[in-house]
Structures are given as structure tokens and as C-alpha cells.
Amino acid sequence: MLEIKGLTVKYKVEGKECLALHHLDMKLEEGDICAVIGPSGCGKSTLLHVLSGILSDYSGLVTIDGGPVDPKQKRIGFVPQNYGLLEWANAYDNALLGLDIKHESRLGQGPYIEYILKQLGLWDIRSKYPSQLSGGQKQRIAIARSFILKPHLLLMDEPFSALDAITREEIQDLFLEVWKENKVSTVFVTHSMEEAVYIGRKIAVMSPSPGRIVKVLENPLFGAGNLRLRDEYYRFVMELRKMAKEEWSN
Amino acid sequence: MSRKNKITGYLAALIFLFAAWYGLSFLAQIPFLPSPAVVFVNIKKIFISDILVHLVYSLWRIAAGITASVLVGIPLGLCMGYYKTWDKLLSPVVYFTYPIPKIALIPLIMLIFGLGELSKIAMIFLIVVFQIIVSARDSGRAIPKETFYSLYSLGAGSLDIFRRVILPASLPGLLTSIRISLGTSLSVLFFTETFGTQYGMGYFIMDSWMRVNYIDMFSGILVLSVAGFLLFFLVDLLERLLCPWKP
């Protein structure tokens, strides 16, 4: 459903041209989850900005279902690194921003909205403003927003980074649960190898800047359940770490 | 500062100011500095019969002038803040016209709009609209570009972006510029009301002065000051109402 061929993104810093992404190729099947890992500054966020239609100044071919990236036509859920909340809207309105922009009724989705907000522990703080919330709570609102939108393509930039260890595991499980119900095609960026193995069906490894994808691994443990209790999980994470280290040191 | 502390602070300042006024008038014993007590009694006596009509005229001119400035200045300034081409075209014009002391244009304004209401409102508009354009543009520019990203990724149109991001994000800045405009327009108003009209607080104060009725004059000054303070307070109230997210 998602196809990227020769994606190159340049940007200017003080008049000098820099390459953020260079000839990046990638493919994502309908209903797949791809974790993208890479060293910091390799252009992971830039990749998501292209896919979400925020950045349109690029060369190469990027298609969603054979058509161009057009957030007006496609339902794209985006969880940015800085949560992307509107300071002047309370938690509830922020979570429902997707529906509002798509001009869809809130009423029809009522029970689902309540379910998501309760699962993410946001129901009791739904009338609070972002300035009154912690980083983890804001991040959960951003996740709730993308779940409630029921997107066709879900893009997440370090979506669980601000959560404490225990909440993170809970929310990761919730994500997998919601994903199983809807099977939405997902690309998510992370710097955590554990997270990549825990959630990704595919794991794409990016090179240092200018970023391109150097390796795509099938995750043999995907959907195996109770991963955190299994030795294979930790062994695979170790392997991945070793491999990434080699790629990034070159 | 808590709200209660704030109110006590304001009250203390008020008491201090009136005490200073009273002390000065008591020490000086000159006819053109009457005691505040005399002025209060006079206001109570003549407010409805003599002052109110002037106050209503002044308030109407301020309201009309500021409303017109807001209606023109805010959309224009916000567009300049958001669209680079608007900014490129209009900013130089604003920069050249902003520092002109527009009060000096009053003879010209009177030639164009006549001696009536329109020239007074036009004068307020001409001075205030620039302040509002500049601060609307700056608050539009100050919005971090990441704030727009979520809306872009949802496919929001320009209208949604204006309504959901640009307007609310710049609202506190706009209210501050309205607060500043109020002070400016009060002084502009006073000046324009000294000729070509027989109504308005400016006229009332200057007329009392000419009639050597200093008690009336001070009554007018006090009423105008209180009106100014209430207008400020109204903007504060508006801010609390419109910007509940502000901590």
C-alpha cells in the first residue's frame, strides 16, 4: 500500500544544502507494522514528515495505494515526537481533532472514544489543558487522537518515549490490541531496539545521515505473545543491536 | 499572586492615590486642586444630568474606532504573519506609515470626513489599526511551525488552520494589543474632542476648564479615568473568558 522509491530530501542550513534522506526505498504491505530504527539525526522524523504530507518538497516517488500522499484524501494518523497538541484545546478536544477536521460526527463514535480514552487513562483528565498535563499524559492524548481517527495509515514518531517503564509496556500492549482489531498499516520510528522487536512485524534499519534504509528484517517473534517472558525475544534484541552497531559504525 | 492578593494590592494602590491627592490639595489650598471629597460629591450631583451624555459619546467613539481597527487589523496582520507573500508586500508599507505621527493629520482628516463623528472615529482607527496589525502579524509569526503539523497531516484546509491554530494561538497577544490600543485611543479621543463637537469627555473637561469650574473639570478627569480603568478590566475579563487554557 505504501511505496517509496529513491526518496531524497534536502534542506538548507545557513545557505548550505544538506541531505536529510538520500535514495531511500521502502515498501509496506496493507496491514503491516514496520519499525524504523536508526541513529539520531539520520532523518527518521523527516521520513515521517514526508509520509504524513507535512513535507512536500522532496524528490523521488512516494505513493499510498498507488496515489500521491494527500492528507486531504487519505486518513493519515500522525503521532509526532512533540505530541502535536493544541495548547488551547482540552485533552478531549485534542483527542477528537482528527474527527473534527474530517468533519465527522463525534456522537456516532461515542462508545469507541470513551473506550480509548479510558484505556489510555485519559478519561478523568479529559477537560484539562495540555499545560496542566505531564509529558506522558500528553503523549497518550496524541496516541488517542490517532486511534480515534481510525486511520488508513498510522505514523508514529517515538510514540512511547515519554512514558514511564510500566505505563509504556501497558500502552504498547494496548497498541497491539487496537492494532489487531483494525490492522492499520503502521510505520513507527523508535530508538529502542526492544520496542522495535516487541511491536514491529518488520524492522527497517536506517543508515547514519543522510538516511536510507540499509536492511529490512522480518521479525520472527511478531505476534508470538508474552514476548517479555521469552528468551528468544532478548536474544533477538541482542542480535539486532549487534547488527545495527556494525551498520552504523561504517 | 493569588486573586485575593491582587485585589488587596489594587485596593491599597487606590487608597494610596486618593490619600496623596487629598494630602496635596490640603497642603496646597489652591482652587485648581480641589479635594477628592468635593469632587466625589460633585460627580454624584451632576453625573446623570451633565456628564453621562458626554461619557456615552466618548465610549461610542472608542468602541467604534477600536472595533473597526480590530476588524481590519487582525485579519490583515494574521495573514501577514502566516502568508510570506502578504508580509513581503505589506510590511514595507506598514513600516513607512507606522511612525508617521498621525495626530498631525487631523486637519486633513477633518477636511475629508468633516467635523462630525466620522473624523473622530477615523482618527482613532488610523492610529490604533497599525498597532493591531503589527502585533497580530508578530503573534502570527511567533507560532512554532510544529504546531501546524498535526493539522497538515490531517488534511486541514486554510479555514481550519486559521480557526483552530492561528486565531487561538495569537489571541493572548491580540488582547494585549487591544489593551495598549485602549490607552492610545483614550488620549487620541481627548484631543479630537476638543474641537468640532459639543459632546464627549474631552469637550466636557476642556469646557469646564474654560469656565474656570475646576471641580467640574476634575470630575470629568476622574470619570474618564475610571472609564479607562473599566475598559482595561473588561479586556482582562475577556481574556479570562476566551483563553481559559492560560495558566
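Biologist: Let's begin with chain B. How many helices and strands does it have?
Modeller: Chain B has 9 helices and 0 strands, where helices (H or I, at least four residues) and strands (E, at least two) are DSSP runs, numbered from the N terminus. Keep in mind that this is a predicted model: local features need pLDDT of at least 70, side-chain atom pairs count only at pLDDT 80 or more, and totals for chains, interfaces and linings use all residues. Residues are numbered from 1 along each chain as its sequence is written, while chains are lettered from A and ligands numbered from 1 in the order in which they are written.

Biologist: What box do the C-alpha atoms of chain B fill?
Modeller: Roughly 70 × 50 × 30 Å, taken along the principal axes.

Biologist: And how much of chain B is buried?
Modeller: Buried residues are 29% of the 247 in chain B. Buried means 20 or more other C-beta atoms within 10 Å of a residue's own, exposed means 12 or fewer, and partly exposed is in between, with C-beta atoms placed from the backbone.

Biologist: OK, switching to chain A. What's the strand order in the open sheet?
Modeller: The open sheet of 6 strands in chain A goes E6-E7-E8-E3-E9-E10, with mixed pairing. Two strands pair if DSSP finds at least two bridges between them. At the edges are E6 (76–79) and E10 (213–218) of chain A, each pairing on one side only.

Biologist: How do E3 and E8 of chain A run, parallel or antiparallel?
Modeller: Strand E3 (residues 33–37) and strand E8 (residues 185–190) of chain A run parallel, joined by 5 bridges. In one bridge, A:Ala35 has A:Phe188 of E8(A) as its partner.

Biologist: Now the domains. Where does the assignment put them in chain A?
Modeller: Domain 1 of chain A covers 1–74 + 153–163 + 173–250, and domain 2 covers 81–151. Those bounds come from an automatic or database domain assignment. Their centres, taken over C-alpha atoms, are 24 Å apart.

Biologist: How many residues does each domain put into the contact?
Modeller: Domain 1 of chain A gives 12 residues and domain 2 of chain A gives 11, with two residues in contact if their C-beta atoms, placed from the backbone, lie within 7 Å.

Biologist: Which elements supply the domain 1 side?
Modeller: E7 and helix H6 (165–182) of chain A each supply at least two residues of the side of domain 1 that touches domain 2.
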